[in-house]
Amino acid sequence: MTVGTKEIVTTVAYMIGVKKEFLVQYYDDTCHELLQSLEKEQAATTIRYLNKLKTSLMRYFKKTDYEIRYNLSNLDRLPQWYDTEEIRQLEKWGISIIQANYRADKYIEDLTRLLNENIDKCQYLFYDWIKFEYIKEFFYIPKYQKKNMLKNEFEKYMANINLYPFQMYIYWKPENRGNMLYDDSKFLSTLYSMHGDYMGDRSKVHDAGEETKATIYDFIDHGHKVVIAVDCENSDVFKLYGVLKNLNQEELDRIEKIILYDDAHTSTAWEWLSKFTKIPVEYMEVERVTELKSLVDIKMTAGVCSEFYKNHVDSFIICSSDSDFWGLISSLPDANFLVLYEYSKCGKPIKEALKQHGIIHCAMDDFYTGNAGELKKVVLLDKLESYLPQLIGMNGMELAKKIYEETRITCTTADIENFYKKYIKTLRLKLDAEGTFYIEIYQL
């Protein structure tokens, strides 16, 4: 069983200015640390404060204009409608809010301009696999100075306020979509469909349920010494990372080490895994006797047996979808095993055998992989950097395809195009302090 993740909707809800009590009610149980970190992010908080001001100004437009016109007031002197502390904070950050001789309509225009100017600074808050341009459109109003543009937005919002998420203003066509910010799955499927697009990778918006995680924790807790043994040929490094990333670190700290049994033909990402987990990693590169024959299964079998008999490891988490490892499991009846497999690679017979013999097993596919983007980014950029000395004469899009092929990262055409636009198309020729040319990979 899987549950919907809420990382993306928590960030969007924070940025559009949802009240803190609602943020806690809907998102704090799963994203408490994220909410705390967002409060420290100036880019996100700037957009939050600006959108709160804009929404309040729309709601109390006539009353605000009356106070400014007849009582010589201003936004920072109307605390019943506007958060004066937030206004002062924006001013401290160099964003001028309070102006002399402004009417309400001029403030609406000013806040729209400020949102347009600052929204791009929030791109880093979202994973590369998310189309930020779709999210950006909620805050960015093109041609806002066009006659009646903002007037029409005001009228649309006031007439349909209950169709806006948490009644906060965003730039969109309001329709009855329910709570679009319920979880990441609903939000992204709705967002993409609004643009005639499709968000297809379910593992990026779902995570394993608490029951599955509790089963893994129980296995770890009952083991005297626990080791993860990975068949790199028959495992996806990013899915394993998704498992590790979404389990409690206190439980993971009880794992002695991860042993990677790797082959030269697998993804280079395995070499980076140790930098993304606190669990000690042993990397065992298995040479081939012939190009056609891999020895990973034999080496891993021997390695696990050695850990059991020599190092007294009693509990193994086997990461593989290969049926060959049933022989290993059945030959060590006194050891405890938990198997992590992939749906697409593990056949029904082996799953039935595991079930019949009481071997705990669960699918890595059920764990959230949206946060594996940081590992993917490092792997892809490392491969791109290796091509920098030979770039002349190469086609950029073909290079992007080649990099994905060589790193063996599962991707869509959109992923390749996004990598091309973001990292290859923006390569820069630079000079170092000694006047020597080099190529720089530009990153936001």
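# A chat about side-chain contacts

Reader: Which residues form a nonpolar patch on the surface?
Author: Leu429, Leu431 and Phe437 do, with about 360 Å² of accessible area together. Keep in mind that this is a predicted model.

Reader: Where is leucine 429 found?
Author: In strand 9, residues 428–431. Leucine 429 counts as exposed, because its relative accessibility is 60% and the cut-off for exposed is over 50%.

Reader: New topic. How many aromatic pairs are there?
Author: The count comes to 23. Take tyrosine 60 and tryptophan 81: their ring centres are 5.5 Å apart and their planes are at 15°, so this pair is stacked.

Reader: Where do those two sit in the chain?
Author: Both are in loops. Tyrosine 60 is between helix 3 (42–59) and helix 4 (61–70), and tryptophan 81 is between helix 4 and helix 5 (84–92).

Reader: Tryptophan 81, buried or exposed?
Author: Buried, at 16% relative accessible area. Tyrosine 60 is partly exposed, at 28%.

Reader: What about tyrosine 134 and tyrosine 192?
Author: They form an edge-to-face pair, 5.3 Å centre to centre, with 85° between the planes. Tyrosine 134 lies in helix 7 (residues 132–136) and tyrosine 192 in helix 9 (residues 184–194), so the pair ties together parts 58 residues apart in sequence. Both tyrosines are buried.

Reader: Which residues form one aromatic cluster?
Author: Phe138, Tyr157, Tyr164, Tyr169, Trp172 and Phe187.

Reader: What sits over the ring of tyrosine 14?
Author: The charged end of arginine 48, 4.8 Å from the ring centre. Elsewhere, lysine 376 lies over the face of phenylalanine 238, at 5.4 Å from the ring centre.

Reader: Now salt bridges. How many does the structure hold?
Author: It holds 25. One joins lysine 20 and glutamate 39, at 3.7 Å from N to O. Lysine 20 lies in helix 2 (residues 20–38) and glutamate 39 in the loop between helix 2 and helix 3, so parts 19 residues apart in sequence are tied together.

Reader: And what does lysine 156 pair with?
Author: Glutamate 153, with the closest N and O atoms 2.8 Å apart. Both lie in helix 8 (residues 149–159), three residues apart, about one turn of the helix. Glutamate 153 is buried at 6% relative accessibility, while lysine 156 is partly exposed at 23%.

Reader: Which residues are linked in a network of salt bridges?
Author: Lys239, Glu342, Lys345 and Asp365. Within it, glutamate 342 and lysine 345 meet at 3.4 Å, N to O. Glutamate 342 is buried at 1%; lysine 345 is partly exposed at 40%.

Conventions:
Residues numbered from 1 in each chain as written. Predicted model: local features only at pLDDT ≥ 70, side-chain atom pairs only at ≥ 80, totals over all residues. Heavy atoms only, no water. Patch = residues over 30% accessible without salt bridge, like charges linked within 9 Å, V, L, I, M, F, W, Y side chains within 5 Å. Areas by Shrake-Rupley, 256 points an atom, 1.4 Å probe, with all protein chains shown as cover. Salt bridge = Lys/Arg side-chain N within 4 Å of Asp/Glu carboxyl O. Helix = DSSP H or I, 4+ residues; strand = E, 2+ residues; numbered from the N terminus. Buried < 20%, exposed > 50% of the residue type's maximum accessible area, 1.4 Å probe, protein only. Phe/Tyr/Trp six-rings, centres within 6.5 Å; stacked < 30°, edge-to-face > 60°. Lys NZ or Arg CZ within 6 Å of the ring centre and 35° of its normal.
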